[in-house]
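This report considers selected local features of a protein model and the surroundings of its ligand.

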Amino acid sequence: MVAIIGAMDEEIAELLQGMEAVDVRRAGPVEARVGRMDGRPVAVLKSGVGKVNAALAVQAVIDHLRPQALLFLGVAGALDPALEIGDLVVAEDALQHDVDATPLGFRPGEIPFEPVSVFPADPRLIRRAMTAAEALFGRRPAVGRVLSGDRFVADREMVKALRERFGGLCVEMEGAAAAQVAHKNGVPFLLIRTISDRADGAAPADFPAFLKEAAGRSAALARAIVRSAEEFEHAF
Ligand code: ADE
């Protein structure tokens with residue numbers, strides 16, 4: 001079974017519409033919709049916004065539903081100026097830009113005393129996402145680093161600083177935390193984001209208008225990945 005998680009209702013709405021035989025399953029502190037999507041077993045759930053909510057939802061779903069793979073999806077603010085609103089980004093890896101123990105001699109984003117601070121997505125799932133996106137949209141998503149932190153980025157100086165410090169494609173508020181938990185549990189992980197804003201001052205005003213459409217693209221891609229994934233055909 002594949003678990004698909006989004007932070008907000010808008011980010012999972014389209015996925016829920018595409019599900020059949022839906023059953024509500026409590027997974028510790030979160031509630032999952034378990035059923036089938038194009039015949040494949042899936043669990044879809046909302047984590048809530050931010051790194052703590054993301055980490056908690058991923059651990060809960062792993063503990064209670066034992067998924068073979070985890071897809072986290074939603075929208076993000078662009079850091080790379082080459083990205084347009086509506087573009088898809090597939091994370092090659094993700095880090096937490098707001099982890100800062102530099103006064104102790106650690107690098108920006110480095111989690112003290114942990115072996116890993118940059119969490120890779122599963123290469124097979126990335127390849128599958130590329131193929132599915134090409135078939136669906138006629139072009140490949142950008143692949144690279146996604147930055148996560150507990151703040152909505154809405155200023156140009158911050159965008160510049162994040163780019164210089166970490167070199168990411170986009171910024172959001174959950175992915176690296178979800179990736180860290182998946183990594184610690186050894187569960188294959190994929191992070192898909194659609195660009196909803198440029199993380200500048202215009203972001204909050206544009207945000208609601210773009211949210212639904214932007215979220216729809218990553219949801220469509222997640223659905224295509226699930227459809228193509230025979231190895232997830234597993235009872236749960
Ligand atoms: N999600 C979508 N846009 C974002 C932004 N600008 N900052 C953080 N998370 C986001």
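Phe106 is buried, its relative accessible area being 17%; the term buried denotes under 20% relative accessible area, exposed over 50%, and partly exposed the range in between, for a 1.4 Å probe and protein chains only. The model is predicted: local features need pLDDT of at least 70 and side-chain atom pairs pLDDT 80 or more, while totals for chains, interfaces and linings use all residues. Residues are numbered from 1 along each chain as its sequence is written, and side-chain values rest on heavy atoms, without hydrogens and water.

The count of aromatic pairs is 1. The rings of Phe106 and Phe113 have centres 5.3 Å apart and planes at 85°, so the pair is edge-to-face. Rings of Phe, Tyr and Trp (its six-membered ring) pair if their centres lie within 6.5 Å, with planes under 30 degrees apart counted as stacked, over 60 as edge-to-face and the rest as tilted.

Phe113 counts as exposed because its relative accessibility is 75%. This residue is located in the loop between strand E6 (88-96) and strand E7 (118-120), and its phi is positive, about 65°, although Phe113 is not a glycine. Arg66 likewise has a positive phi, near 50°. Most residues other than glycine have a negative phi. Arg66 lies in the loop between helix H2 (51-65) and strand E5 (69-78) and, at 60% relative accessibility, counts as exposed. Helices (H or I, at least four residues) and strands (E, at least two) are DSSP runs, numbered from the N terminus.

The ligand is surrounded by 13 residues, the closest being Gly77, Phe152, Val153, Glu172 and Asp197; a residue belongs here if one of its heavy atoms lies within 4 Å. The shell divides into 8 nonpolar, 2 polar and 3 charged residues. E5 supplies the largest share, 3 residues; E5, strand E9 (170-172) and strand E10 (189-197) each supply at least two.

The table lists polar contacts (pairs of N or O atoms within 3.5 Å).

| Residue | Atom of the residue | Distance to a ligand nitrogen atom |
|---|---|---|
| Gly77 | backbone N or O | 3.2 Å |
| Val153 | polar backbone atom | 2.8 Å |
| Asp197 | side-chain N or O | 2.6 Å |

Taken alone, the ligand exposes 260 Å², of which the protein buries 97%; these areas come from the Shrake-Rupley method with a 1.4 Å probe.

How values were computed:
A polar contact is a pair of N or O atoms within 3.5 Å; within protein, one must be able to donate a hydrogen and the other to accept it, and residues adjacent in sequence count only if both atoms are side-chain atoms. Ala, Val, Leu, Ile, Met, Phe, Trp, Tyr, Cys and Pro count as nonpolar, Asp, Glu, Lys and Arg as charged, and the others, Gly among them, as polar.
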